[in-house]
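Subject: Handover of a structure

Dear colleague,

Please find below the structure that I am handing over to you. My notes on what was found in it follow directly after.

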Amino acid sequence: MVCRYAVTSNNQGEDGNSRAIIHNHEMLNQVQHDNGGELSVTLNQVLNLFQDLRFQGLMNTDTSVFDYGLWGRECYLDKKGMFFYINMLKGRRNRMRMTQANVLGRKLNGRNQMELPKFEFIQPHSLQEACSLLREHDRKTALLAGGTALMVGLRHRLNTPAVVIGLKGLTALDYVTRNESGGLSIGSMATLETLEKSPLVSKECALLAQAVQLVAVPPIRHGATIGGNLCLDTRCIYHNQSEFWRTPQRACFKRGGEICYAVEKGRRCQAVYQGDLAPVLITLGAQVKIASANGEKIIPLAEFFTGRGEKPNVLKPDEILVEIRIPPSGQGAVGAYEKLRVREGMDFPMAGVAVMVNRNRSGIIEKARLVLGAVGSSPIEVPKAAGLLEGQKPTEDLLQRVSREVVDSARPAGNLAMDASYRKKMVGVLVKRALRRALAMAPEVRS
Ligand SMILES: Cc1cc2nc3c(=O)[nH]c(=O)nc-3n(C[C@H](O)[C@H](O)[C@H](O)COP(=O)(O)OP(=O)(O)OC[C@H]3O[C@@H](n4cnc5c(N)ncnc54)[C@H](O)[C@@H]3O)c2cc1C
Ligand code: SF4
């Protein structure tokens, strides 16, 4: 079984059931759970079950052992072949029960958990038509671009729209061109594969070309769009779960309730914006064009994000993101993006750092931008750290000071599969890696 997570402690609880804490380790297959021979399900079997379900297509690829909250949690295995696990929060315990049938999803409300909810699907063929539909159906709509993120949300009932408006027919929004200012304009329906293969992006915007390749895996990049990537919803281990998983819990802030399971005494949702491309595009000074039936507007991408876990971007229900505009990078520009993830092969960032610097001919950094991803509800720009670089020739000591500043400004909540304090430390490592990589590149000479 391919799993890097293991049971590292094992004892018997007061109720006679077997218990375990799951940690990051390589010993999984060596550990056996047995409670006097009566236990019919072991943790190892449970993890195998999840793996099998994924292969059978009964669980979405987005769902993993970590998403089921098992990692770092206390588990109870009972004698009937069921298992329980508990979300451990200081002072709060939330007991969950799962059976194989329930994991398969056949028992909740008599339907398969992975079934799509019912909705009307409309596919407009022009932007005007799409805008009119949005106005007509008001708040009950969801836009479907590549669907790689939305379909997961629909299956898990994180979104329950009455009408889904498919954007695939808006072929006029699938483009990458040089714009009048000498920068790039990218239509929101351009796929990540298109960007990855575009000679214009590789030549004019090497940083974007590099970052795109770190998003998910090639089959997902084939359908995923840049617009969908920027409009990703925020994510949290207590929210991005199946409906079954969430059913016994009271709704948290993200779902209109008044509780947060991730932050003790939390007063707002701190779900994480985990898109890879937004931090990169912000360092590049990108703007976004937004359209509605009332017309169009252009705003800096940095202002597109609200910083609120409940509603991560400023889009109104009748608005569509239509274009991303990237200005020319200027003399001596170099940049790099580094991300931390659970599975190197494919995963959302657990933390990300995008850097962009402009050096003059003497090697002095004249301008710098540093943006952190996946450590808050929106990308976080760190001007103080960038300020340390400006006017300086890079040295290891300078990189160390920048790294400390970046770590100080990151305050991730404990709501992803990796430990928050580890993610905080890692932004300091990632920023040094990104700066070293960027500074080792030959500067671009165009203006
Ligand atoms: C297994 C897996 C791994 C992934 N890994 C990563 C990763 O490493 N990094 C990463 O950044 N993402 C990752 N993703 C998330 C997702 O696949 C990508 O971010 C993708 O770019 C989303 O684009 P899409 O066109 O499929 O969006 P969709 O799923 O169609 O839409 C996503 C959201 O954006 C809205 N939307 C889409 N287009 C517009 C528009 N033009 N205007 C307004 N709203 C719009 C939708 O309504 C929806 O809310 C992963 C997803 C999966 C399933
Ligand atoms: S951060 Fe708190 S409120 Fe937001 S989704 Fe997670 S548990 Fe819910």
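By class, which residues make up the shell around ligand 1? The shell has 20 nonpolar residues, together with 11 polar and four charged ones. Please bear in mind throughout that this is a predicted model.

Ligand 1 is surrounded by 35 residues, and the closest are G146, G227, G228, N229 and C231. Several elements each supply at least two residues of this shell: the strands β7 (141-144) and β13 (320-326), and the helices α4 (150-155), α8 (218-223) and α9 (226-230).

Around ligand 2 there are 15 residues, of which C236, C252, K254, C260 and C269 are the closest. By class, the shell of ligand 2 comprises nine nonpolar, five polar and one charged residues.

G257 is located in the loop between α10 (243-246) and α11 (277-283).

Turning to the chain as a whole, the secondary structure amounts to 14 helices and 17 strands. The chain has 447 residues, and 41% of them count as buried. Of the contacts between residues at least 6 apart in sequence, 61% join residues at least 24 apart.

One helix pair was examined in detail. Helix α13 (residues 396-409) packs with helix α14 (residues 420-439) at an angle of about 145°, and their axes are 8 Å apart. The crossing of α13 past α14 is right-handed. On the α13 side, L399, V402, S403, R404, V406 and V407 take part; they meet K424, K425, V427, G428, V431, K432 and L435 of α14. By class, this contact has seven nonpolar, two polar and four charged residues.

Finally, a word on confidence. The average pLDDT of the chain is 80, and 72% of the residues score at least 70. Residues 1-45 have a pLDDT below 50, and this stretch has 85 contacts in the model beyond near neighbours in sequence. The pLDDT is also below 50 over residues 52-107, a stretch with 112 such contacts. Where pLDDT is low, predicted coordinates should not be read in detail.

Yours sincerely

Note on methods: Residues are numbered from 1 along each chain as its sequence is written. Chains are lettered from A and ligands numbered from 1 in the order in which they are written. This is a predicted model: local features need pLDDT of at least 70, side-chain atom pairs count only at pLDDT 80 or more; totals for chains, interfaces and linings use all residues. pLDDT is the predictor's confidence in each residue, from 0 to 100. Two residues are in contact if their C-beta atoms, placed from the backbone, lie within 7 Å. A residue is near a molecule or strand if its C-beta atom, placed from the backbone, lies within 6 Å of it. Helices (H or I, at least four residues) and strands (E, at least two) are DSSP runs, numbered from the N terminus. Ala, Val, Leu, Ile, Met, Phe, Trp, Tyr, Cys and Pro count as nonpolar, Asp, Glu, Lys and Arg as charged, and the others, Gly among them, as polar. A residue is buried if 20 or more other C-beta atoms lie within 10 Å of its own, exposed if 12 or fewer, and partly exposed in between; C-beta atoms are placed from the backbone. Axes are lines fitted to C-alpha atoms, for helices over the stretch in contact, and angles run from 0 to 180 degrees between N-to-C directions. A crossing is left-handed if the near helix is turned anticlockwise from the far one by less than a right angle, and right-handed if clockwise.
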